[in-house]
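Open the structure in your viewer and keep the selection tool at hand. Each stop below gives something to select and then says what is there.

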Amino acid sequence: MEVRVIMEALAASTTGVESSKEAQTYLDEAAKMIGFIPLLGTIAVNPQYEIPVRQAAVIMYKNLIWQGWKVEEEETSTDIVPVQDQDKHVIRSTILQSIIAAPTPIRTHFCTAIQTIVREDFPEKWPEFTNAMGNLLMSTDANEWVAALIVIHRFTKVYEYRRKQEKQPLYDFMKVILPLIYARFEVLVGTNTEESCSVEHMILKTFYTLTQFSMSRDIVSVEVFGKWLTLFIEILKRDLPPGVKELDIADQGEAYGWKCKKWAMKCIEKLFDRYGAKGQVEKNYEEYAAFYFEHFARPVTEVVLRILQDYTANAVVTERLAFFAMTHLAEAISIADIWKLVKVHFNDIVYHVVLPAMTPAEEDEEIWEMDELDFIRQRHDCFDELHSPSSAATTLLQAGLRRKDVLDSILPYFINHLSDANADPKVVAGCLHVVSQIISRLTQVRKYKRDVENLVAMHFTPRLTNPDRFIRLYACFCIKNCDEVSFRKEAILKDALEGLLQRICDPNESIAVKVEAAIAINYVMDEQGEKAQKYIRPHVKVFLTEIFRLLTSTNLDDLTNIADTIIETFQDEVIPVAVEVASEIHALFRKYVKSAVFSEDADADDYDGEDKTITLMGLLGTLQTLLDLVDETPAISSKLEPVVFDIVGTIFESGATDFFEDAINLVESVIATHISDKAWEFYPLMRSHFDMTGTPGYPTLGEYIGCLHSYLVVDTDKFLSVPERALWLLEMCEGTLTNFEHDMSVHVNAAKLLEVFILQCRGRVDNYLPNILQVTMNRLNAGHFDKNVNNELVPQLLVVLIAAMHYNFEMFVHLLPNLKPFGMDTVQWLFAEIFANKDFVEGIHNRKMILYAICLMLRLPVEHQPPAIANNPKAVGEYCLELFQGIDRCVKALAARKEEDDDSDDSSDDDDDESMHPNRTLDELRDSDDDIDENTVEYLERLNEEARRAERETKAINGANGDDALSEMHSEDTDFDCFNEETDVESYVTPLDHEETGLNIYVEFKNSLEVLQANSPAEFTQLTSMEGENVEHLKKLFDYCVQQENLVHSRQVARAGGCTFDGSADVPSSFDFSHH
């Protein structure tokens, strides 16, 4: 390797011209040579080379390490170049010095590389790493110990989200390193310069990462816990470093002095949450909680109150610091000791911290003015609110309201402002925002809950027409939060809903207010039920139209949910306008599709850079809801077909794989009862977009089975009229059954489709039967079955063979000689497999099919029966009884489930009024009470119990002296019967499942036993010889068989010669499946 040539190639790779491709090709080949990666590291830190070359070198260095440091076996055949052991040794021995020497932009890439290395090599292959970090931390060279702190932070991030038991290497490392970090940190805190704060910032982030989910008591003892908390408090109390206050206010938040305060507050908040809150921490941290309250509860509370005081005095306090201060205080006042400290200040906090934080700021006004859609997205984006002072203020307010007398003392303040005709509009908007968060409390307190509706009438509904748009916005928001109010005066509810509708329909109204009004109506309708719906019903069409217009403007996911609710709630009103609604959805879909990029062929000029996936899925879901609504109105559903298939065609032709499943569901709804010529055009699209060989994103039979089943059974004549349709179905099934990358459930779907094809097309697809049988046998003998779970696939494949026996038994027998691998012995093998897999047979249909196969064999002379039947008639009889009992359990379980669902619907209807107008009062917390979350207590008790159980099991195992009896007993205790009343594919019915004309297995069983009794009395006696409870069970089964026979006869008479299943048809006695 010539360094000069590599340098030239690195320089060329950054030019972006044609020569860069040649350079990259050369570098890719050079990367395979030993010594190349260390050479890249040397180039990256050499100050004599130009920065672009050094950056290209370090980026390639980082990437090659990330890709090739550990190469999995399945990746060895790819283009990934493994890092050779010789190079690994060199890299580990030089990378720390490279980090020390590199400037910041290059150092970042080296740090990413070392993160990859320690993830794979520490501690086994790089035990020296700990000592190396320790030596650097104790160095007098600032470059060295600062670099060490950066690396340690990256190292800690490797273990951040691992389980506690997986963090031992980190704990062993920190046992040595954390005291050294603390020593540096203590000095830095006292220095308080912007430069020292940049290093403090790194240490704070490292400590937070180390302790945010779990904390080792060996590393952070109670004493060490206190030392770190002391420094955090010192950071919050100290002045900012010199020069920070002179910066512009907008720039101060980026200063490290403020970042340190934010992270110190964040660390305190997390330490209190997980280890300091009395009564809410795990048992092994209770000592820390007691220590915190003895030494730090008051100092931390005082410093937090000082931060909030500065925030109210318009001193510069960054929003993030204010957020964490309020979030901590909200949690801390749940403890009585801290509430007593805060109580005297709480009203002032509400008036001067909470209210300003919840009042629209100038920034909000500017965003609304300049880009209303961005304002709407921010307002309805839960992540955008994640660290806003407004959300923290809301949390703090609600935490305080749980305390006794707080509501009584603060409510008049806001009502007075709302009653003041001369109040500042901004203050009014803020007060509305605050009151909106108080409403839920008001509805739960006896003295207030009857008067909440008066708030709506006096202060919310009238402000829906206020000239100030923020007031109108928060008036809508307040009404939304009144969704659970018990409106005794329906006129108040009526006026509120009509006021909201006026906002939505007003062409001059702001889009943001319209959206808020639509959401408010949806919430109120959902909770108030018919009481509110009757006022919306006359306006459904215009309401739904406006929702779709808003969707056109905003791309807001919430609106698609509202459209769904309207369609489901007002079915009678929507059905007459269903075609118009579908056209609106169609237009919206085409608009958003045009601005989305699905494939390489899409027009990039139309792409607006915004991801429309969620909105498009919502529109497809709304269309699905509409189709479900009109499925019993063929005249309307037929008019929706063009819309559906235009959308589906667009999705499939553009390769929009994210929407394939939704599109398939739409088609499935359309073809459930009738298949038009237009619908048949989708069938070839399924075949051309089918995952035969692992095509990324293409659907499998798991997605297509519903459509394929409908195409096959809804119009079998048309299905078979085009030979390619049957061929494509069988190709998809065979392709699935030979692709072992698929989940086994997809193979079950393929086998089910083969069975349905055979039974549905009885007597019409003789030419396909040989291949179906062979494909089924191939899959059965290919293995790849999961023996550790309930294996549904083997029984389903066996049922395919049984279906072929039902299709044409004589033909099935004539095909046996050519059926590999068993030929004429296939039937013997089949019944051996049936009994070997009897524990895996589930559902009603498959049990019936297994019973049908047994009945078929029982009609043969005993010498021609397969050994599994002839050699042990008693076992056959017991298994038949077991199958019938299973069917009975399935039928009863399904009936119970249906009854339970019906009862649930009835009870929910009965409970609507009670849930809407609960007669409830809420106990307020006294000053001496701790606000302990019951769920938290339950969780902690469960953790402690699990710890005790683990300890007991460890002692038991250690005391067993190597005996496996304990594990065997545990295995027996955890063994249980996984009874499934319905298989995943049972909904895909066959002609045999029809209640009247299908297979009545009880009649079939009775007739078969009668044939057996006549042909072989001895075998009949053995088969029906039962013991214990089975004697009575068999008698009841025989009685039920007679009842079913009489029922079948009466149905035949009623149909006057209708087609029936001839369950007693003779089986030619020349067939011989014995072992002879």
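**Stop 1: a serine in a helix**

Select Ser391, which lies in helix 20 (residues 389–401). Helices here are DSSP runs of H or I with at least four residues, while strands are runs of E with at least two, and both are numbered from the N terminus. The model is a predicted one, so local features need pLDDT of at least 70 and side-chain atom pairs count only at pLDDT 80 or more, whereas totals for chains, interfaces and linings use all residues. Residues are numbered from 1 along each chain as its sequence is written, and side-chain values use heavy atoms, with hydrogens and water left out.

Is Ser391 buried or exposed? Ser391 is buried, because its relative accessible area is 19%. Buried means under 20% relative accessible area, exposed means over 50%, and partly exposed is in between (1.4 Å probe, protein chains only).

**Stop 2**

Select Asp405, in the loop between helix 20 and helix 21 (406–419). Its phi is near 75°, a positive value in a residue other than glycine. Asp405 counts as partly exposed, because its relative accessibility is 43%.

Move on to Asp408, found in helix 21. Asp408 is also partly exposed, with a relative accessible area of 28%. Select Tyr448 as well: the C-alpha atoms of Asp408 and Tyr448 are separated by 9.8 Å, and the two residues are 40 residues apart along the chain.

Another positive phi is found at Asn192, about 55°, although Asn192 is not a glycine. Look for Asn192 in the loop between helix 9 (168–191) and helix 10 (194–211). At 15% relative accessibility, Asn192 counts as buried.

**Stop 3: a charged patch**

Which residues form a negative surface patch? Select Glu319, Glu362, Glu363 and Glu366 to show the patch. Helix 18 (residues 362–370) gives the largest share of the patch, three residues. Glu366 has its place in helix 18 and is partly exposed, with a relative accessible area of 46%.

Patches are made of residues with over 30% relative accessible area and no salt bridge; like charges are joined within 9 Å, and nonpolar side chains (Val, Leu, Ile, Met, Phe, Trp, Tyr) within 5 Å.

**Stop 4: salt bridges**

How many salt bridges does a search of the whole structure find? The search finds 41. A salt bridge is a side-chain nitrogen of Lys or Arg within 4 Å of a carboxyl oxygen of Asp or Glu.

Select Arg92 and Asp121, whose side chains meet in a salt bridge (2.5 Å, N to O). Arg92 lies in helix 5 (residues 85–101) and Asp121 in helix 6, so the pair ties together parts that are 29 residues apart in sequence. Both Arg92 and Asp121 are buried.

Next, select Lys157 and Glu160, another pair of side chains meeting in a salt bridge (2.8 Å, N to O). Lys157 is partly exposed, with a relative accessible area of 33%, whereas Glu160 counts as buried at 4% relative accessibility.

Then go to Lys514 and Glu546, a salt bridge in which the closest N and O atoms are 3.9 Å apart. Lys514 lies in helix 27 (residues 511–528) and Glu546 in helix 29 (residues 540–554), so this pair ties together parts that are 32 residues apart in sequence. Lys514 is buried, with a relative accessible area of 9%, and Glu546 counts as buried at 8%.

**Stop 5: two cis peptide bonds**

Select Phe122 and Pro123: the peptide bond from Phe122 to Pro123 is cis, with omega near 0°. Pro123 has its place in the loop between helix 6 (104–121) and helix 7 (129–137).

End at Lys820 and Pro821, also joined by a cis peptide bond, with omega about 5°. Pro821 lies in the loop between helix 44 (809–815) and helix 45 (826–836).

Definitions and conventions. Accessible areas come from the Shrake-Rupley method with a 1.4 Å probe; for residues, only the protein chains shown count as cover. Lys and Arg count as positive and Asp and Glu as negative; His and the chain ends are not counted. The place of a charge is taken as NZ of Lys, CZ of Arg, CG of Asp or CD of Glu.
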